[in-house]
Amino acid sequence: MRQQLVALVERPMDATVQQYGSEILTARDLANNTIVLGSPGSGKTSGVLQSLQYGALTASPYMGGLFNTAKQDDLPNILKPIKYANRLSDCIIINALGEFRLNWLEYARKQTPKGSSEAITVLEMLRIFSEMVSKSASVSKDPFWQTHVDKFCLAAITLLIYAKVSLSVKKMIQILHSMPKNTDDIKDDEFISRSKFMYYLNLALDNPDTENNQEFDQCVSYFLDEMAGTMDSRTMSNIVASIHATLFPASIGLMAKLLDDVESNFSMDMTFDGSIIIIDVPSSVYHEQANLVTSMLMYLWQKDVMMRDLSKNNRAVFSFTDEAQLTINRQTVAFSSVCRSQQALCIYASQSLAAIKVRLGPHSDHLLDQFINNCGNIYMLSSTNPDTLRLFSDLVGKDYEMRVGFNAGLANGHNSANASEDYRYILPEKEFRLLATGGPRNSYVVESIFVSSGRTFNEDQTYLRVAFDQKMLEH
Ligand SMILES: Nc1ncnc2c1ncn2[C@@H]1O[C@H](COP(=O)(O)OP(=O)(O)OP(=O)(O)O)[C@@H](O)[C@H]1O
Ligand SMILES: [Mg+2]
C-alpha cells in the first residue's frame with residue numbers, strides 16, 4: 001500500500017484528465033459528474049471509459065478511486081491502464097475468492113456525524129439496501145409493515161451496540177427469531193436460557209451506559225412491551241415475516257461472505273491516499289448478489305467522500321461505475337449533487353436512461369431528472385433507442401435557420417418570395433445512429449458526441465465530436 005507522505009497536494013483539481021485537440025478536460029471539469037450513454041456494444045467500456053480511466057490514473061497529482069466490473073472479462077481490461085500507469089501496487093481487488101472483507105454495518109456506524117444516533121445512521125443504509133432488493137427507490141406502498149421493519153432494525157441495532165458486540169444482519173436475524181413473542185416467553189426459564197435475544201440483552205444490561213438511558217429503555221420497551229406484550233400472534237408472525245424478508249438477502253451469499261458479520265481488513269477511504277479499489281463482483285456472474293455488494297460498497301465510499309475534510313486531505317478521487325443501471329439508487333442521486341464540491345470525479349456508463357429508471361423503480365422520474373441534471377458532462381455514443389436518440393438531439397440543442405422560398409409564375413409573370421425563421425436540431429438523430437462503434441469494422445475507433453454544461457467548443461459549437469482508439473494501450 002502506498003504510504004501517505006503528504007496529506008495536502010497542490011492544485012489537485014487542475015490535473016489534466018483528457019485532451020481532445022486543444023480542448024482540455026481537467027479534474028475540475030470531470031468533478032461535475034459524467035455519464036456515458038450508448039446502446040450495447042457501442043463502445044462505452046472499451047472506448048470512452050478506457051480513455052477516461054487511463055486519464056484519471058495518470059493524472060498529476062495522482063488520484064485514488066473506485067472501479068467496478070460488470071462482466072466476467074472486465075478485470076483484465078481495468079487492470080490494463082493501471083499496469084500502464086504502473087500503479088498495480090495501489091490496487092485492492094475485492095472478489096468472491098479473495099481475502100478482502102469489510103464489515104458494512106460497523107463501517108456505516110463509524111460514519112455517524114457527531115451528536116447523531118449511530119443506530120439511525122445504520123438504519124439509513126439498511127433502507128437503501130432494502131430499496132436495492134425491491135428495485136424501488138420510492139416510498140414503500142405498505143407503510144404499516146415498513147414502519148415495523150424500521151422499528152425492529154432500530155431496536156436490534158441499539159441492542160447490539162449496547163451489548164458491545166459487532167453489528168451484523170446475521171445477529172439481527174438471530175434476535176428476530178429469539179425475541180419473546182408473548183408474555184409467557186418472558187417468564188419461561190428455558191426460553192430465557194436459549195434465546196439469543198436474552199443473551200444480548202444481558203450483555204447490554206452489564207454495560208453501565210444503559211443506566212438511565214432513554215434510547216436503551218425505548219429499545220427494551222419495543223421488545224418487551226410492544227412486541228411481546230400487545231401483539232396478537234397472527235400480526236406478530238406477519239411482522240416477523242416482513243422483517244425477515246428485508247434482512248435475509250444480506251445474510252446469504254456474497255453479502256454474507258464479503259460484508260456481513262466479517263472482520264474488516266481494508267477501508268474505502270484509503271482511496272483518499274491514492275488506493276485503487278476494484279469491486280470485481282461482476283453482475284454477469286453473480287447476478288443480483290453482485291449488484292447488492294457493489295452498490296453497498298459504493299454507498300459507504302460515497303458517504304466517506306461526503307464527510308471528508310478537504311482541509312486535511314485534498315487529493316481528488318474518482319469513481320467509475322460501468323453498467324450504472326445495475327447499482328444506482330437514491331443515495332447515488334443525492335451524492336451526485338454534492339460530489340463536485342467534495343472533489344470526486346464520478347463517471348457512469350449505461351445503455352439508456354430507461355434502464356436507469358427501471359432500477360430506480362416506479363414513481364422515480366424526479367430522481368432520474370435530478371441525476372441527469374447533475375451530470376455536467378455527457379458522452380453520447382451510437383444508439384438505436386428512439387427515446388435516447390431524441391434525448392441526444394435535445395442535449396446538443398437547436399439552432400435557428402432562415403428558410404427562404406421563391407415562386408415564379410410562368411403564365412402571368414407574378415413572382416413571390418418569402419422568408420421564415422425555423423428551429424431545427426443542430427444534430428439530427430441520424431448523426432447519433434451512425435457513430436462508429438469500434439471493432440475491426442471501424443478500425444477500432446469509437447466515436448462519440450460530447451457536451452459539457454456551459455461550455456462551447458471551436459468558438460461557438462455546443463458539442464464536440466471525439467473519437468477513441470480501443471487499442472490505445474496496445475500501440
Ligand atoms: N479490445 C477490443 N478490441 C477490439 N474490439 C473490441 C475490444 N473491446 C470491445 N470490442 C468491440 O467493440 C465494440 C464495443 O464494445 P464495448 O464492450 O466497449 O461496448 P459497450 O458499449 O461497453 O457495450 P455494453 O453495453 O454491452 O457493455 C463491440 O463490438 C466489441 O465487440
Ligand atoms: Mg460495457
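**Reading a predicted model**

Guide: His287 counts as exposed, because 12 C-beta neighbours lie inside 10 Å. Keep in mind that this model is predicted.

Visitor: How is exposed told from buried here?

Guide: Count the C-beta atoms around a residue. Asn33 has 24 C-beta neighbours inside 10 Å, so Asn33 counts as buried. Asp309 has 8 other C-beta atoms within 10 Å, so Asp309 is exposed.

Visitor: What percentage of the residues of the protein count as buried?

Guide: The protein has 475 residues, and 41% of them count as buried.

Visitor: What should I look for in the backbone angles of Asn33 and His287?

Guide: Asn33 has phi near 65°, a positive value in a residue other than glycine. His287 also has a positive phi, near 50°, and is not glycine. Now place them. Asn33 sits in the loop between α1 (27-30) and β3 (34-37). His287 belongs to helix α14.

Visitor: Which residues does a cis peptide bond join?

Guide: Read omega. Ser60 and Pro61 are joined by a cis peptide bond, with omega about 0°. Pro61 lies in the loop between α2 (44-58) and β4 (64-68).

Visitor: How many helices and strands are there, and what span does the protein have?

Guide: There are 19 helices and 13 strands. The C-alpha trace spans about 110 × 60 × 40 Å along its principal axes.

Visitor: Where is Asp309, and how far is its C-alpha atom from that of Gln342?

Guide: Asp309 is in the loop between α14 (283-307) and β7 (317-321). Its C-alpha atom is separated by 8.6 Å from that of Gln342, and the two residues are 33 apart along the chain.

Visitor: At what angle do the axes of α5 and α14 cross?

Guide: Roughly 150° for helix α5 (residues 118-134) and α14, with axes that come within 10 Å. Angles over 145 degrees count as roughly antiparallel. So α5 is roughly antiparallel to α14. Their crossing is right-handed. On the α5 side, Met125, Ile128, Phe129 and Met132 make the contact, and on the α14 side Asn291, Leu292, Ser295, Met296 and Tyr299 do. By class, the residues of this contact are 7 nonpolar, 2 polar and no charged.

Visitor: At what angle do the axes of α6 and α10 cross?

Guide: Roughly 50°. The axes of helix α6 (residues 143-162) and helix α10 (residues 196-205) come within 7 Å and cross at that angle. The two helices α6 and α10 are therefore oblique to each other. The crossing of α6 past α10 is left-handed. Leu159, Leu160 and Tyr162 of α6 meet Tyr200, Leu201 and Ala204 of α10. The contact residues of α6 and α10 divide into 6 nonpolar, no polar and no charged.

Visitor: Which residues come nearest to ligand 1?

Guide: There are 15 residues around ligand 1, and Pro40, Lys44, Thr45, Ser46 and Gly438 come nearest. Then sort the shell by class. The shell around ligand 1 has 2 nonpolar, 12 polar and 1 charged residues.

Key:
Residues numbered from 1 in each chain as written. Chains lettered and ligands numbered in written order. Predicted model: local features only at pLDDT ≥ 70, side-chain atom pairs only at ≥ 80, totals over all residues. Near = placed C-beta within 6 Å. Nonpolar A, V, L, I, M, F, W, Y, C, P; charged D, E, K, R; others polar. Helix = DSSP H or I, 4+ residues; strand = E, 2+ residues; numbered from the N terminus. Buried ≥ 20, exposed ≤ 12 C-beta atoms within 10 Å, placed from the backbone. Axes fitted to C-alpha atoms, helices over the stretch in contact; angles between N-to-C directions. Parallel < 35°, antiparallel > 145°, perpendicular 65-115°, else oblique. Left-handed = near helix turned anticlockwise from the far one by under 90°. Contact = placed C-beta atoms within 7 Å.
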